[in-house]
Amino acid sequence: MVFEKVNSKVVSVDIARAGGVIARKGAMLFYTGQVMFSPHMIPGAGGAGLGAMAGVAGRMMAGEHEKTMLAQGTGVVHYGFAGLAVHIVDLPQGGTVTADASRLLGHTAGMQASVVMMQSQSGSGGGGLRNALRGAATGALTGNGLMTTQLQGQGAVVLLAHGEVMELRVGGEPVVVDPQAFVGTLGHVQTQLKSALSWRDAVGRGAGEAMQLHCTGDGIVFVQASEQKL
């Protein structure tokens with residue numbers, strides 16, 4: 001493993017062995033050795049029209065472009081953030097991890113990072129504006145924004161969560177998740193926000209689970225043991 005879990009809230013990493021690490025600003029706790037830190041920015045959602053508009057909207061609504069720092073050199077760095085639980089995801093054969101930037105502690109520098117529309121991960125159809133609005137609704141409930149971060153390739157990712165993270169296998173029947181407990185996905189997983197609203201909810205006597213996130217496809221969905229947003 002590239003990242004090593006020191007305890008439930010801290011990870012350590014050998015920077016040279018990892019080939020560099022990109023982590024959110026303020027996550028470095030301490031280090032030993034000769035390590036250099038420099039500002040880094042995840043590439044935005046390129047293109048024109050709706051894509052460009054969504055990029056601006058995503059940054060305004062949720063700050064998907066979290067400030068990150070690139071660590072290079074030789075040494076061991078310890079990372080943690082705000083006392084949150086850490087969860088390591090290793091991708092030795094390559095793959096795709098999708099999570100909101102606020103739920104990412106860091107990842108190995110060799111992975112390809114991009115910012116995509118939340119709704120692009122959904123299996124629902126419709127026009128671009130409709131997708132953008134649905135993505136914004138999903139983001140508002142999950143604590144994520146209109147945009148989400150996608151990491152691809154061989155490497156390792158460290159996720160942040162309130163409480164321990166559970167890995168739920170997706171395949172066959174949908175896995176239905178409370179939107180605020182949702183952390184991210186691994187593999188080919190599509191997410192779609194659905195309403196379970198009934199007349200009882202409308203008059204305030206429902207179970208309180210009016211919105212649900214349906215996860216389908218083939219992969220893993222990460223769920224935190226809390227409904228607290230980051």
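Residues are numbered from 1 along each chain as its sequence is written, and side-chain values use heavy atoms, with hydrogens and water left out. In this predicted model, local features need pLDDT of at least 70 and side-chain atom pairs count only at pLDDT 80 or more, while totals for chains, interfaces and linings use all residues.

The mean pLDDT (the predictor's confidence in each residue, from 0 to 100) is 80. A value of 70 or more is reached by 68% of the residues. Where pLDDT is low, predicted coordinates should not be read in detail.

The protein has 4 helices and 15 strands. These are DSSP runs, numbered from the N terminus (helices: H or I, at least four residues; strands: E, at least two). Among contacts between residues at least 6 apart in sequence, 84% join residues at least 24 apart. Of the 230 residues, 46% are buried. Buried means under 20% relative accessible area, exposed over 50%, and partly exposed in between (1.4 Å probe, protein chains only).

The largest nonpolar core holds 19 residues. Such a core is a set of buried Ala, Val, Leu, Ile, Met, Phe, Trp, Tyr and Cys residues joined through side-chain atoms within 4.5 Å. Val 11 is one of the members that touch the most others, as are Phe 3 and Leu 105. Elements that each supply at least two residues include β2 (10-14), α1 (15-18) and β5 (68-79). Beyond its neighbours within four places in sequence, Val 11 contacts residues including Val 77, Ile 88 and Val 158. A second, separate core has 15 residues, among them Leu 91 and Phe 222.

The structure holds 1 salt bridge, defined as a side-chain nitrogen of Lys or Arg within 4 Å of a carboxyl oxygen of Asp or Glu. Asp 218 and Arg 169 form it (2.4 Å, N to O). Asp 218 lies in strand β15 and Arg 169 in strand β12, so the pair ties together parts 49 residues apart in sequence. Asp 218 is partly exposed, at 45% relative accessible area. Arg 169 is exposed, at 55%.

On the surface, Met 28, Leu 29, Phe 30, Tyr 31 and Phe 37 form a nonpolar patch. Patch residues have over 30% relative accessible area and no salt bridge; like charges are joined within 9 Å, nonpolar side chains (Val, Leu, Ile, Met, Phe, Trp, Tyr) within 5 Å. Together the five expose about 440 Å², by the Shrake-Rupley method with a 1.4 Å probe, where for residues only the protein chains shown count as cover. Met 28 belongs to strand β4.

Definitions and conventions. Contact = heavy atoms within 4.5 Å.
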